[in-house]
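Work through the exercises below with the sequence and model open. Try each task before reading its solution.

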Amino acid sequence: MTSVLGVLKPFWKNKLARTGVIIVGIIVLMAIFAPLITPYSPNNSSFAPMLTPSAHHWLGTTQAGQDVYSQLIWGARQSLYVGFAAGIASTIVGLVIGLIAGYAPGIVDDVLSYLINVFLVIPGLPLMIILAAYAPVHGSLLIIFVITVTGWAWGARVLRSQVTTLRSRDYVAAARFAGDSMWRIIFREIMPNMISLVAAGFLGAAVSAILAAAGLEFLGLGDPSINSWGTMLYWAENSGALLQGQWAWLFAPGFLIAVLGTALVLINFAVDEMANPRLRKKG
Amino acid sequence: MRYLVRRGIMLLLTLWSAITLNFLLPRLMPGNPAEVMLAKFKGKGNMSPQAIHAIKVMLGLNNESLWQQYLQYWHEIFHWNFGVSYTYFPFSVTHEIAQALPWTLVLIGVTTVMSFVIGTGLGIAAAWKRGSLLDSSVTSIFTFTSSFPYFWFALICIFLLGFETTVFPNSGGFAATMNPGFNMAFIGSAVYHSILPAFTILVSSLGGWQLQMRNNMIAALNEDYVVLARAKGLPERTLAILYAARNAILPNMTSFAMSLGFVVSGAILVELVFSYPGMGNLLYSAVSNEDFPLMQGIFLMIVVCVVLANFAADVINVFLDPRVRRGGGEA
């Protein structure tokens with residue numbers, strides 16, 4: 001237990017990171033307790049459409065007569081789910097490929113490094129859009145998939161170069177002479193020394209996944225019947241929320257995306273300081 | 001020199017794999033999107049046999065082996081022939097790209113350069129005056145703006161400045177009453193229409209440059225040679241600009257060269273929101289109309305530009321950074 005607290009301490013000690021942790025915590029609680037804190041079901045379309053904010057509908061209603069505030073709170077679930085799932089998936093792919101490329105010598109490294117470079121260079125958003133457009137079914141899994149395919153390479157590159165420097169350390173050589181297998185050395189000896197890099201990579205990947213998912217859904221490449229912040233913006237744009245003066249419907253989902261993204265970046269400041277002591281404030 | 005040769009080989013390999021990926025994607029996808037496409041084309045009527053042939057080659061419908069299709073695909077690419085657009089029939093894909101490209105190059109090109117220069121400058125200032133009011137305010141504001149969904153900020157700007165107060169036009173690249181031409185009135189209108197998109201792109205992209213430069217600069221200010229220079233009593237300004245910033249900017253130069261490559265893809269979402277007649281909007285209309293020839297052509301164009309820009313970044317680095325020259329390139 002003390003060791004868990006020890007790991008978490010830097011996140012609390014750093015003022016910026018603490019703010020980030022609190023904000024993410026609030027959004028997660030909001031998602032969990034959505035049924036308790038929303039007055040209506042997000043899919044209840046029995047209200048008058050396109051109402052501007054009022055006491056009954058704090059943020060107005062949609063073109064289909066759903067309550068925007070309820071959709072916003074429920075939407076947190078979907079956005080958190082896609083953001084974290086895609087963040088975790090691309091971190092894992094990047095981690096495995098980066099570790100193997102960094103540790104394995106010769107041809108394996110060459111091939112994997114080449115693969116990393118190709119995916120680094122191919123622009124992400126256009127590739128995501130093209131992949132999603134060719135796909136026959138649209139849904140959250142597809143979005144998670146395309147974000148992972150386009151997003152793993154950054155982490156892989158950073159981790160690969162870190163492994164190449166760790167590989168020649170004495171303790172790794174000792175493990176090798178002791179007869180440990182390559183997998184054991186990679187995952188038991190090398191990986192624990194890169195936890196902060198992995199964490200930073202995950203947070204970065206989650207932020208870009210949340211933004212990318214919102215962008216894809218806004219373009220109509222998600223499942224428009226799913227309730228998320230990105231699809232809310234899609235419907236707001238496509239039913240002329242701007243022309244009707246429904247600023248709240250348009251403003252709120254994007255604002256929460258920005259807040260969630262900022263909170264994750266703030267947490268990342270603490271991770272950066274762990275990985276790179278030079279960024280720590282003096283004294 | 002050996003380094004450049006290696007990077008050159010890498011360039012060709014990357015180009016090859018990106019173009020091959022572009023070839024394979026519509027063929028590997030389930031549900032055979034290409035068949036649907038061809039049926040739609042035939043519905044358009046009055047197509048020449050050559051045009052149908054070109055579409056078949058690009059989408060892989062001429063019942064030949066994958067290998068033969070692949071050779072033909074390369075043949076068409078070397079002849080700069082990407083087929084006919086479905087959405088803008090009977091115009092060719094090349095024609096549509098040529099129409100959209102200048103708009104994107106000017107708007108996104110100018111904003112990318114501005115964003116890099118201003119962001120890097122602010123990053124240097126923030127790191128130099130670390131912990132000051134300037135540093136903390138600039139850094140925290142940019143942390144927030146860089147998490148903005150681009151398109152959302154664009155929508156808000158349109159709402160405030162295009163609808164509530166009609167300071168700026170809310171869509172298009174030029175006034176609808178005008179014909180595109182090289183005259184002052186048209187250029188004026190185009191500039192006027194580009195201010196709001198440019199502003200939204202600047203606001204949401206500045207942060208990335210500023211934060212990256214600030215981190216690099218803080219690392220550089222701690223290097224031994226900077227400590228030595230300070231001990232020698234060099235003025236702080238010389239130290240910050242000529243010593244630390246000069247080295248801290250190197251990693252940013254690479255990202256900058258790459259982002260110049262990304263210019264071609266446009267700011268897809270911003271262009272969509274503003275109905276700006278650029279590449280991003282073209283890609284969107286290709287996607288929403290399932291116009292596969294146009295999608296393929298645009299994607300190919302984007303990838304080639306980014307790969308070339310990336311190579312240019314490597315070359316620039318050789319001239320700027322002697323460590324790269326001597327190290328032989330630990331990529």
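**Exercise 1: a tryptophan and its core**

Leaving aside neighbours within four places in sequence, B:Trp152 is in contact with A:Leu233, A:Leu250, A:Phe251, A:Gly254, A:Phe255 and A:Ala258. Contact means heavy atoms within 4.5 Å. This is a predicted model: local features need pLDDT of at least 70, side-chain atom pairs count only at pLDDT 80 or more, and totals for chains, interfaces and linings use all residues. Residues are numbered from 1 along each chain as its sequence is written, chains are lettered from A and ligands numbered from 1 in the order in which they are written, and side-chain values use heavy atoms, without hydrogens and water.

Task: find which residues touch the most other members of the largest nonpolar core.

Solution.
- Apply the rule: a nonpolar core is a set of buried Ala, Val, Leu, Ile, Met, Phe, Trp, Tyr and Cys residues joined through side-chain atoms within 4.5 Å. Buried means under 20% relative accessible area, exposed over 50%, partly exposed in between (1.4 Å probe, protein chains only).
- The largest core has 129 residues, and those touching the most other members are A:Ile147, A:Phe218, A:Trp229, B:Phe151, B:Trp152, B:Met295 and B:Ile298.
- Helix H13 (residues 247-275) of chain A gives the most to this core, with 13 residues. Helices (H or I, at least four residues) are DSSP runs, numbered from the N terminus.
- A second, separate core of 14 residues includes B:Met213 and B:Ala244.

**Exercise 2: the interface**

Task: state how many residues of each chain take part in the contact, and what area is buried.

Solution.
- Chain B brings 53 residues and chain A brings 47.
- About 4500 Å² is buried between the chains, with 78% from carbon and sulfur atoms. Buried area is the accessible area (1.4 Å probe) that two parts lose on being put together, summed over both.
- Salt bridges between chain B and chain A number zero. A salt bridge is a side-chain nitrogen of Lys or Arg within 4 Å of a carboxyl oxygen of Asp or Glu.

**Exercise 3: charged pairs**

Task: decide whether A:Arg160 and A:Asp109 are buried or exposed, and do likewise for B:Arg230.

Solution.
- The structure holds five salt bridges over all chains.
- One joins A:Arg160 to A:Asp109, with the closest N and O atoms 2.9 Å apart. A:Arg160 lies in helix H8 (residues 153-166) of chain A and A:Asp109 in helix H5 (residues 107-121) of chain A, so the pair ties together parts 51 residues apart in sequence. Both residues are buried.
- B:Arg230 pairs with B:Glu236 at 3.2 Å. B:Arg230 is partly exposed, at 40% relative accessible area.

Conventions. Helices (H or I, at least four residues) and strands (E, at least two) are DSSP runs, numbered from the N terminus.
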